[in-house]
Protein chains: 2
Amino acid sequence: MKITILLSGGLDSTTLLAYLIDSGHEVACLSFDYGQTHIRELDAATHFTNVYKVPHSIVCLPGVFAGSALTRDAEIPEGHYTDTSMRATVIPNRNMVMLSIAGSMAIQHRSDAVAYAAHADDRGVYPDCRPQFISVMREAFTLCDWNILKLLVPFENWSKRDIYKEAMRLGVDVAATWSCYTGGDKPCGVCGACSARTEAMEGI
Amino acid sequence: MKITILLSGGLDSTTLLAYLIDSGHEVACLSFDYGQTHIRELDAATHFTNVYKVPHSIVCLPGVFAGSALTRDAEIPEGHYTDTSMRATVIPNRNMVMLSIAGSMAIQHRSDAVAYAAHADDRGVYPDCRPQFISVMREAFTLCDWNILKLLVPFENWSKRDIYKEAMRLGVDVAATWSCYTGGDKPCGVCGACSARTEAMEGI
């Protein structure tokens with residue numbers, strides 16, 4: 001199958017890239033510059049598309065997202081990923097926007113499917129990672145064009161720990177992925193994304 | 001209700017703007033510069049947001065849409081709007097992309113709903129104007145955020161002729177709207193959008 005992947009350069013989507021290649025699919029990656037503080041993640045995304053030798057497009061979305069700590073000057077909350085405070089990091093409707101643009105590009109490039117790396121641990125914080133959202137978007141993808149487009153979410157019921165284990169199995173260079181929400185040279189270690197990543201790796 | 005409207009500056013969406021204001025709603029408009037040949041439509045959109053004194057945002061989507069006659073150098077097909085040849089003017093997944101960005105902005109601006117002017121005559125050409133697409137997007141809007149967002153499509157079962165009659169009733173300055181797919185100084189009179197517009201107005 002020919003698949004367009006949403007690739008941020010973080011652990012989840014990079015593992016998805018490796019997973020789909022390992023499954024024998026032809027993939028192309030799509031990333032977004034939406035004004036995120038952690039724009040550094042795009043370097044990681046570019047790195048991995050070079051490593052895996054797959055096409056990579058970066059779409060700019062100037063001014064579309066503004067109401068989240070991830071794009072404002074506001075403090076990025078510290079603490080556990082599933083804490084309610086972490087909901088400040090929700091970017092309004094981000095996944096629908098990114099999936100819809102990926103859908104457009106998939107149709108233009110005659111891909112059969114779009115894939116993204118939503119997983120079970122995301123559900124408490126991000127409304128657009130919930131199973132019912134994924135289900136309805138999957139249906140929308142079958143109707144948005146005269147041809148049917150698939151939406152693949154293979155990690156939908158996996159924990160981040162499961163994804164990390166899969167990354168290990170696939171030999172993903174996890175150290176080169178970027179999850180941290182801050183824009184520093186090194187991961188801060190205390191934001192929600194860092195906490196979740198650390199917990200997923202503990203004891204493995 | 002506070003409503004974010006997709007406004008192209010054409011007959012349908014301009015009438016939707018007048019219709020929702022007439023119904024007593026507070027509205028804000030959103031338009032897109034996506035590289036359309038008929039970029040001139042944005043002048044019409046701006047004109048009407050000034051006339052009706054409502055907020056107006058224009059979002060740029062550089063490079064997102066490329067596979068349609070409306071954004072390429074390819075010839076825009078002439079002829080009747082519902083002809084199969086007109087499907088060359090389908091911009092892949094355009095409505096999902098525009099609705100999702102409108103949804104994001106609606107959440108950021110605390111709007112209750114997003115509205116767009118899909119109508120019954122569009123169904124044969126544009127897959128993303130079909131009732132089943134509208135229905136599933138309406139459901140996606142209830143799930144994309146922790147708060148429920150509404151999707152309003154009041155002209156869903158109207159013909160373009162019905163919309164024109166409503167425009168007359170509401171005193172919309174129809175001559176100032178722009179429907180033509182070409183970028184000339186005057187409407188070409190032969191593209192699908194011009195044909196549909198002329199037919200809607202005939203004999204009224």
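Tutor: Happy to! Let's begin with what surrounds α1(A): its buried residues pack against β1 (2–6), β2 (26–33), α2 (41–51), β4 (113–115), α5 (160–170) and α6 (192–201) of chain A. Helices (H or I, at least four residues) and strands (E, at least two) are DSSP runs, numbered from the N terminus. This is a predicted model: local features need pLDDT of at least 70, side-chain atom pairs count only at pLDDT 80 or more, and totals for chains, interfaces and linings use all residues. Residues are numbered from 1 along each chain as its sequence is written, while chains are lettered from A and ligands numbered from 1 in the order in which they are written.

Ten of the twelve residues of α1(A) are buried, among them A:Leu11, A:Leu16 and A:Tyr19. Buried means that 20 or more other C-beta atoms, placed from the backbone, lie within 10 Å of the residue's own. After α1(A) comes A:Gly24, with a positive phi near 90°.

Now for the partner chain. In all, 31 residues of chain B are in contact with 31 residues of chain A, contact meaning C-beta atoms, placed from the backbone, within 7 Å. The largest share of chain B's side touching chain A, eight residues, comes from α3(B). Because 100% of the interface residues of chain B are also interface residues in chain A, the copies meet through the same surface.

Methods. Contact = placed C-beta atoms within 7 Å.
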